[in-house]
Amino acid sequence: MSDLMKVSSNPHIRSKDSTGRIMLAVIAALLPTTIFGIWNFGIRALLIVAVTIASTVLTEFLYEKITKKKNTIGDLSAVVTGLLLALNLPVSVPWWIGVIGGVFAILVVKMLFGGLGQNFMNPALGARCFLLISFASIMTNFNCDAYTGATPLAAVKAGESVNVLDMVIGRTGGTIGETSMLCIVIGACLLIWLEIIDLRIPGTYIVSFVVFMILFGGHGLDRYYISAQLSGGGLMLGAFFMATDYVTRPVTKKGQYIYGILLGVLTGIFRVLSASAEGVSYAIILGNLLVPLIERFTLPKAFGKGGERA
């Protein structure tokens with residue numbers, strides 16, 4: 001009987017999952033989008049991806065070396081941050097933009113707040129918004145050898161017609177990793193199959209965004225308009241790969257539904273009411289900042305005195 005009465009510290013639920021395994025799965029899920037982006041935009045896209053990942057990994061390594069902390073680059077979180085940031089950059093940006101963004105993502109957003117698990121917002125999106133504010137003209141220039149002119153989402157906002165099938169496949173301009181909705185969904189299906197993510201946040205995000213656009217987008221139930229809004233910009237990339245970030249999303253199920261609705265509404269507000277055709281990055285960052293408040297009202301109360309009774 002004594003062997004059955006062992007006392008140990010929590011957590012008591014064990015899992016074979018580790019940070020490294022989860023990050024490796026995310027990298028694998030992002031490969032279709034990354035490979036398509038390189039095929040779509042050429043070798044320069046590969047250069048931007050490589051430089052940005054190198055900057056995030058090197059920044060984390062040097063910071064931990066200087067501060068004499070345990071080296072954590074083996075958990076691959078810096079690689080994921082660099083890859084996500086690169087996929088959110090236009091292929092036309094100079095290489096040093098990727099370096100500045102990578103350093104900001106790791107040093108300012110992640111390491112200065114305590115490292116992985118302590119950052120208050122998604123590092124890749126934090127860096128992207130920093131770059132958008134600091135280098136607006138560079139970050140909004142989507143002209144390249146393959147495509148010129150406005151992105152499909154900007155064309156939709158201007159009332160122009162676009163080819164939705166091209167947007168789904170990815171034969172359009174935009175950032176390196178946002179053009180192919182098909183490749184993003186393929187990667188998302190891998191994460192769902194591996195049980196790395198579920199559909200609570202991305203599903204609620206997408207559905208609430210569609211409802212908002214139907215009610216306030218000015219086009220009603222126009223399927224062409226809704227399809228273009230879903231296929232264009234970083235909505236799918238943000239919904240499946242950044243809004244689901246373990247560190248910056250709510251931990252409660254109820255909170256995750258609220259979080260998804262909040263992101264859908266915020267994205268709709270930015271796309272309809274702002275001058276920009278996009279809005280996913282700002283929506284997710286604002287959502288990240290509101291996560292503590294969401295959790296405060298959705299964490300279940302303890303049983304017993306002062307709490308709820310069964």
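Modeller: Start with disulfides: the count comes to zero. A disulfide is a pair of cysteine sulfur atoms within 2.5 Å. This is a predicted model, where local features need pLDDT of at least 70 and side-chain atom pairs count only at pLDDT 80 or more, while totals for chains, interfaces and linings use all residues. Residues are numbered from 1 along each chain as its sequence is written, and side-chain values use heavy atoms, with hydrogens and water left out.

Biologist: How do you know that Cys-183 is in no disulfide?

Modeller: The nearest cysteine sulfur, that of Cys-189, is 12 Å away. The rule asks for sulfur atoms within 2.5 Å, so Cys-183 has no disulfide partner.

Biologist: Why is Cys-183 called buried?

Modeller: Its relative accessible area is 12%. Buried means under 20%, exposed means over 50%, and partly exposed lies in between (1.4 Å probe, protein chains only). So Cys-183 counts as buried. Cys-129, at 5%, is buried too.

Biologist: What makes a set of residues a nonpolar core?

Modeller: The members are buried Ala, Val, Leu, Ile, Met, Phe, Trp, Tyr and Cys residues, joined through side-chain atoms within 4.5 Å. The largest such core here has 71 residues, and Phe-241 and Ile-284 have the most contacts inside it. Helix H1, residues 19–41, gives the most to this core, with eight residues. Helices are DSSP runs (H or I, at least four residues), and strands are E runs of at least two; both are numbered from the N terminus. In soluble globular proteins, nonpolar side chains tend to be buried together.

Biologist: Which residues does Ile-284 touch?

Modeller: Contact means heavy atoms within 4.5 Å. Leaving out residues up to four places away in sequence, Ile-284 touches Leu-125, Tyr-205, Gly-238, Met-242, Ala-243, Tyr-259 and Leu-263.

Biologist: At what angle do H2 and H3 pack?

Modeller: H2 (residues 43–66) and H3 (residues 77–87) pack at about 145 degrees, with their axes 8 Å apart. Axes are lines fitted to C-alpha atoms, for helices over the stretch in contact, and angles run from 0 to 180 degrees between N-to-C directions. Among the H2 residues that meet H3 are Ile-48, Thr-52 and Glu-60. By class, this contact has nine nonpolar, five polar and one charged residues. Here Ala, Val, Leu, Ile, Met, Phe, Trp, Tyr, Cys and Pro count as nonpolar, Asp, Glu, Lys and Arg as charged, and the others, Gly among them, as polar.

Biologist: And how do H2 and H4 pack?

Modeller: H2 and H4 (residues 95–110) pack at about 35 degrees, with their axes 8 Å apart. The contact of H2 with H4 has eight nonpolar, six polar and three charged residues. Glu-60 and Tyr-63 are among the H2 residues that meet H4.

Biologist: Is Glu-60 buried or exposed?

Modeller: Glu-60 is at 0% relative accessibility, so it counts as buried. Glu-60 is in helix H2. Beyond its sequence neighbours up to four places away, Glu-60 touches Thr-72, Ile-73, Asp-75, Ser-77, Ala-78, Ile-106, Lys-110 and Met-111.

Biologist: Why is Leu-107 called partly exposed?

Modeller: Its relative accessible area is 29%. Leu-107 is found in helix H4. Apart from neighbours within four places in sequence, Leu-107 is in contact with Thr-59, Tyr-63 and Leu-112.

Biologist: What is the phi of Lys-68?

Modeller: Lys-68 has a positive phi of about 60 degrees although it is not a glycine. Most residues other than glycine have a negative phi. Lys-68 lies in the loop between H2 and H3. At 77% relative accessible area, Lys-68 is over the cut-off and therefore exposed. Glu-195 also has a positive phi, near 60 degrees. Glu-195 lies in the loop between H9 (181–193) and H10 (200–216). Glu-195 is exposed, because its relative accessible area is 67%.
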